[in-house]
Amino acid sequence: MAENKFYGDSATREMRQVAEDLGIQTVWDRELLQQPHCGFGLLGICCKNCNMGPCRIDPFNPNGPKLGVCGADADVIAARNLLRHITAGSACHNDHGRELTKAFKLAAQGKAPGYQITDESKLKVLAQEYGVKVEGRSLQDIAVDLADRIFAEYGQQEGELVLIQRAPKKTKEMWRKLGIMPRGIDREVVEALARTNMGVDNDYRSLMRHGMRVALSDGWGGSMIATELTDILFRSPRPLDSRANLGVLKYDQVNILVHGHVPVLSDMIAQAASDPELIKLAKAKGASGITVAGVCCTALEVLIRRGVPVAGNFLQQELALITGVVEMLIVDLQCVMPSLPNIAGNFHTKVISTSPRAHFPGSEYVEFKEEQGYEIAKKLIRAAIENYPNRNQEKIHIPKAVETLVSGFTTEYIFEMLGGKTLSTYKPLNDGVAMGRIRGVVGVVGCDNPKMQSGETHIKLIKELLKNDVLVVQTGCAATACGKEGLLTPETAFKYCGKGLQEICEAVGCPPILHMGPCVDNSRILTACCEIVGAGGLGVGLDELPVAGVAPEWMSEKAIAIGWYFVASGALVVFGQPYPVYGSKNMTNYVTKEVEELTGGKWAFEIDPLKMAKIIIEHLDSKRKTLNLKPMMYQ
Amino acid sequence: MSKIVAAAAIRGARVIAREAEEFLNKALKEHGPDARIGFPETAFFLPMANALLGLEVKTLKEAGNVFNYAKGLLPLEPKEKLWLPYLGDALDAGIATLLCEEIITVLRYLYKQEPQTDCNGFFTDTILRSLGIQLVDGRMPGFAAILGAAPTNEIAVSVVRQLQERNILIFVGSSSGGRSIIDQLKESGVEMGWDNYIVPYGRDTISAIYPLNWAIRSAMTFGGLKAGQGKKCLLYTKERVFAFGLTLGLVDDLKYATGAGAINMGFPIIADTDIPEIKPSGITTYEALVKEFDYKKIVPRCIEVRGVRVKVSKIPIPVLYGAAFEGERVRREQLYCEFGGKSSQAFELISMRDSSQIEDGKIELVGPDIDQLPEKVKSLPLGILIEVAGRKLQKDFEPILERQLHRFFNYCMGVMHIGQRDMNWIRISKDAFAKGLRVKHLGIVLHAMIHEEFGAIADKVQITIFTKEEDVQRELIKARQVYAERDERLGGMTDESVDTFYSCELCQSFAPNHICVITPEKVGLCGAYSWLDTKAAYEIAPSGGNKPIPKGECLDPVNGEWASVNAYVSLRSNRTLERFSMYSIVNNPSTSCGCFECIMAVIPEANGIMIVHRDFSGMTPCGMTFTTLAGSVGGGIQTPGFLGVGKIYLTSKKFISADGGLRRLIWMPKELKELLGEKLIKRVQEIGEPDLLEKIADETIATTSEELMLFLEKVKHPALTLPPLF
């Protein structure tokens with residue numbers, strides 16, 4: 001069957017063998033069947049935007065077609081396609097933020113009894129940013145006003161976003177000068193779709209500028225709103241320890257998996273699972289308790305706030321079911337494979353879809369409503385418990401692999417981590433960079449992808465970065481990949497880091513890799529960068545910082561959107577496999593070179609993890625040189 | 001913060017918190033919640049709690065609030081494996097420790113357990129202010145807090161001497177293995193006290209809060225920060241107070257906890273034992289925690305780690321030399337030989353010469369040295385003639401240089417100098433003589449120091465020392481002529497007779513928005529800088545702390561307002577001040593850094609002004625002590641109705657001349673009246689109020705407004721008939 005089965009962590013390899021033995025097709029098998037992938041698609045030069053086509057540009061044959069029927073060349077086609085990818089990705093995050101705003105408003109109105117405001121001070125800070133009067137008002141009143149302002153921002157037609165004002169002055173002026181400052185949230189998405197229709201915007205540079213505006217409305221808009229409101233509703237994370245990998249599933253317990261992205265659902269499931277009535281019921285059914293574990297990003301929402309263990313990342317969603325011990329898989333949206341109901345059909349596992357936006361044929365649909373959140377959660381868990389006796393004992397296989405990790409770092413917590421509650425400062429981090437103990441800060445984020453040596457790309461890259469004194473921040477499935485390898489522990493500092501970074505970690509007591517949450521929380525990396533600029537000594541714009549982002553195994557359009565909001569904010573972003581632009585020389589030049597003159601950020605594409613590290617390190621060194629920082633202390 | 005250190009600091013904080021809690025409960029039980037508590041002579045209540053939390057603790061109940069806050073900060077110890085970040089936790093533990101130590105020590109005051117034997121206890125606000133100018137002009141480049149005990153008394157003395165030699169103010173205390181450095185120094189006969197730069201605070205680690213809650217006050221006194229601006233106060237001490245901790249002997253949990261508190265303030269810790277080091281900077285300017293086993297290297301290491309800027313002039317004489325020895329006395333029983341005073345005739349004179357007339361470094365002793373003294377004779381006449389030449393030297397600088405001789409002599413260990421001109425008095429101790437110090441060495445000292453401090457104006461220095469009676473008498477006649485000429489010239493110098501004033505911005509290292517404008521008739525508020533001093537300082541170092549301000553257009557001759565002064569002050573006060581008048585306490589008065597010698601305050605009901613000097617600790621008729629008054633005027637803020645001034649300003653013709661001058665003065669401490677003596681009497685005669693001094697009340701007459709009013713009316717004080725002040 002699959003040739004590439006030896007990739008990945010031990011639990012993944014083990015479970016792929018089990019799947020093979022059971023004759024169950026997984027993502028790796030389907031990936032093989034798709035090979036070779038369509039070359040025109042990979043290069044970004046096929047267009048299906050009107051019915052004069054589909055058209056494709058021949059990149060090799062000089063006599064082949066160089067223009068589509070309408071006259072669009074490779075540049076326009078690649079740019080339009082890319083803009084649509086950015087837009088779809090941004091739409092996901094923005095919609096996620098909208099969902100949170102809805103839950104937040106219902107909670108504030110007292111209409112969603114299971115939810116409450118847990119971070120008062122953060123609510124007040126955010127309300128003030130949005131110009132909501134705070135003094136002398138109840139939290140509920142403040143929150144309702146805030147929710148309305150945020151909703152209004154989604155439909156805003158002109159002006160600027162509120163949270164983007166957090167960026168350094170120099171960076172904001174750059175956006176204004178380029179005309180890419182987002183004016184609203186939804187309007188940029190709509191305009192993008194309009195621009196990419198046949199015969200509208202036919203200049204690849206203009207298309208890409210709008211692409212950056214869409215991406216910025218995600219990073220500094222929808223994503224940031226989602227992060228902020230999630231913290232306010234479900235508490236602001238602080239570091240905690242937990243475990244990761246399929247080994248967190250328990251043979252003698254009712255196992256419930258949450259999968260998807262929006263914590264409105266997953267947090268409620270995690271909360272309800274500790275209901276004594278349900279635990280009693282589980283025991284009555286012969287289980288010793290209830291285990292809630294997560295898959296993909298929603299796992300990380302409940303990990304960073306509640307310490308709920310992570311069963312696996314994106315590629316492990318099918319494997320988790322193949323353990324045969326999952327009583328129920330509850331999903332909402334994003335990154336949920338359509339294959340899941342089929343795979344569940346081989347076992348007793350119930351798959352429950354919950355979002356009116358995301359239906360899965362073969363699953364049971366139970367719409368999740370915030371107003372009855374707790375009851376619905378209890379009802380689902382009860383059904384999962386009832387399902388426990390239905391396990392097929394012959395089809396059970398739980399891998400032993402499980403690793404400990406530390407997670408839950410936020411922009412706000414870093415102040416306290418480095419300076420305590422009174423001094424509360426980023427200075428030790430800035431000093432660490434300026435004095436040459438830390439080379440720079442790099443976000444290693446994104447998905448895992450069956451096209452790559454899944455997991456290993458992340459591990460090799462990160463070890464190389466750590467060795468070169470690069471402080472790593474992580475989110476999403478990339479973070480889970482490292483968690484499964486035991487890298488997200490403070491002990492990692494003494495195994496893999498250069499001496500300078502090691503000294504910092506020893507002084508602070510933090511791991512050299514800071515796990516900041518799910519992929520929507522990449523917004524935390526943006527705000528942390530703002531705080532670094534604010535702490536002084538490392539330039540005045542985001543583009544001056546010795547930082548970079550890398551998504552070695554990206555697969556989702558969301559990753560493209562995230563990458564672009566970092567590039568538009570002035571960072572180098574490295575992807576493993578390129579997104580589809582190589583069919584256009586101009587577009588390739590634009591994203592890898594020309595854009596740097598505009599924003600200070602740019603793209604690089606490199607599959608080899610060690611070469612990725614080299615690109616990043618050279619970039620950090622050149623930024624260090626421009627800032628005239630001290631040479632690395634222990635080089 | 002290595003995990004071991006963080007764990008120890010957190011454990012230590014918990015022990016100290018428990019002690020604070022138990023002591024507080026005992027006090028509450030025995031004295032009740034409303035019992036008043038406080039440290040002596042401070043306007044800052046419990047200074048650490050005041051600075052960090054903005055709390056004004058006056059009662060036991062209020063101390064309970066501080067304790068509850070501290071308790072809320074106490075973190076858990078980090079785990080053995082898979083630990084969570086502990087730096088912030090350890091810093092929190094440090095803050096909790098400082099707050100709890102302050103509670104414990106203030107309760108000790110309640111129970112009369114402080115100060116401990118031979119120790120200073122709590123450091124008063126007065127000490128902070130009086131040291132102000134030395135802190136900023138480099139004479140006192142830093143502070144060391146020593147905790148523990150050295151392996152031997154000799155090492156203890158050696159470490160302290162090394163610090164003294166660098167003019168670092170040393171706080172000694174705490175213990176290690178049952179020994180305290182205080183006793184080590186005492187047993188070795190080391191003189192301690194503020195004058196000697198060695199201050200014992202207490203024999204336990206908890207009393208190490210005294211230097212720390214002294215340092216934090218500087219942020220509010222000089223930095224213009226308000227109580228409760230905790231983070232800013234901590235950053236202020238990091239940037240501007242060059243202190244460090246030196247632990248001798250085992251570093252136990254309590255010392256780690258206190259050290260974590262100090263590190264919050266930006267003060268690194270240096271240990272002589274094998275401790276885990278913390279090298280990354282950020283909380284501290286450089287390393288936070290380092291070790292050094294070699295006692296010859298430990299002091300230089302401290303200086304390096306804290307970034308203290310020490311200026312050491314190595315002078316080839318057989319005794320130690322440094323500002324730290326300035327306050328040392330040579331008492332009769334220690335006396336080997338003396339000059340001047342009642343024992344013999346002596347004088348000292350600096351005279352400007354043409355470069356061709358003198359030879360640099362020529363030091364000539366005319367007459368016998370002190371090793372040729374006949375038996376039982378303990379005195380010699382002495383004449384010291386210092387001839388200086390320099391392209392940028394001016395005749396006016398002679399008295400400025402001459403005034404420094406006092407310091408230069410006193411910096412010698414075992415030498416005491418009092419007075420000036422032909423009223424000087426010098427003593428040399430037996431120890432110093434035994435070490436080989438001779439009169440000729442005094443010449444070496446003066447030559448070296450004039451070059452060191454005045455190198456920019458003095459190119460050549462030649463010194464002749466006379467010890468024979470006939471030579472001294474002959475030279476004295478010439479010297480007295482010079483003194484008389486100088487007095488005449490200086491007396492005639494007025495604000496109108498010069499075209500340039502000078503700024504003094506020395507204190508901006510401490511009080512970033514404050515600026516003094518110094519004129520011939522208005523001395524700096526610290527009393528240390530006259531117009532001539534600033535003029536000379538500018539010549540010596542044009543990029544230094546004193547800048548010329550050309551007078552230009554006068555906007556208001558009565559209040560003393562000049563356009564150029566306004567513009568300069570606005571620029572250099574970081575645009576916090578717009579207008580600045582030189583002669584008024586009411587209209588746009590001058591600001592204060594915090595090191596003023598005296599404070600004046602308007603007493604509205606009396607239509608007059610009171611003045612109180614730093615050394616007066618009693619109550620004044622405005623209802624505030626010096627310390628409390630000082631709290632409302634420091635930090636470069638313009639406060640109409642209040643003014644910080646130098647003592648000698650009272651005898652100036654421009655003394656608040658816009659507001660009525662000396663006629664406004666209705667109250668001053670007796671001591672200050674006596675201190676100004678003849679000069680003040682002369683001034684009141686000049687203004688035609690010869691009996692004014694008797695009409696000015698003092699503390700023996702009035703300490704309340706009512707008493708004061710009764711007295712003023714009785715004596716018909718002229719202020720009562722002056723136009724209203726506001």
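Two residues are in contact here if their C-beta atoms, placed from the backbone, lie within 7 Å. The exercises below concern a predicted model.

**Exercise 1.** Describe how domain 1 and domain 2 of chain B meet, and state which kinds of residue domain 1 of chain B brings to that contact.

*Solution.* Begin with the bounds, for which the domain assignment of chain B gives 3-306 for domain 1 and 323-481 for domain 2, with domain 3 covering 500-721. Next, take the centres over C-alpha atoms, which places domain 1 of chain B and domain 2 of chain B 41 Å apart. Then turn to the contact itself, where nine residues of domain 1 of chain B meet five residues of domain 2 of chain B. On the domain 1 side, these residues comprise four charged, three polar and two nonpolar.

**Exercise 2.** Work out which element of chain A gives the most residues to the side that touches chain B.

*Solution.* The contact draws 28 residues from chain A and 27 residues from chain B. On the chain A side, at least two residues each come from β10 (403-407), α16 (411-423), α17 (427-435) and α21 (499-508). The most come from α16(A), which supplies eight residues. By kind, the chain A side divides into 12 nonpolar, eight polar and eight charged residues.

**Exercise 3.** Decide whether B:Glu348 is buried or exposed, and list its contacts beyond four places in sequence.

*Solution.* First locate B:Glu348, which lies in strand β8 (residues 346-352) of chain B. B:Glu348 has 27 C-beta neighbours inside 10 Å and therefore counts as buried, since the cut-off for buried is 20 or more. Leaving aside neighbours within four places in sequence, B:Glu348 contacts B:Ile384, B:Glu402, B:Leu405, B:Arg421 and B:Asn424.

Definitions and conventions
Residues are numbered from 1 along each chain as its sequence is written. Chains are lettered from A and ligands numbered from 1 in the order in which they are written. This is a predicted model: local features need pLDDT of at least 70, side-chain atom pairs count only at pLDDT 80 or more; totals for chains, interfaces and linings use all residues. Domain bounds come from an automatic or database domain assignment. Ala, Val, Leu, Ile, Met, Phe, Trp, Tyr, Cys and Pro count as nonpolar, Asp, Glu, Lys and Arg as charged, and the others, Gly among them, as polar. Helices (H or I, at least four residues) and strands (E, at least two) are DSSP runs, numbered from the N terminus. A residue is buried if 20 or more other C-beta atoms lie within 10 Å of its own, exposed if 12 or fewer, and partly exposed in between; C-beta atoms are placed from the backbone.
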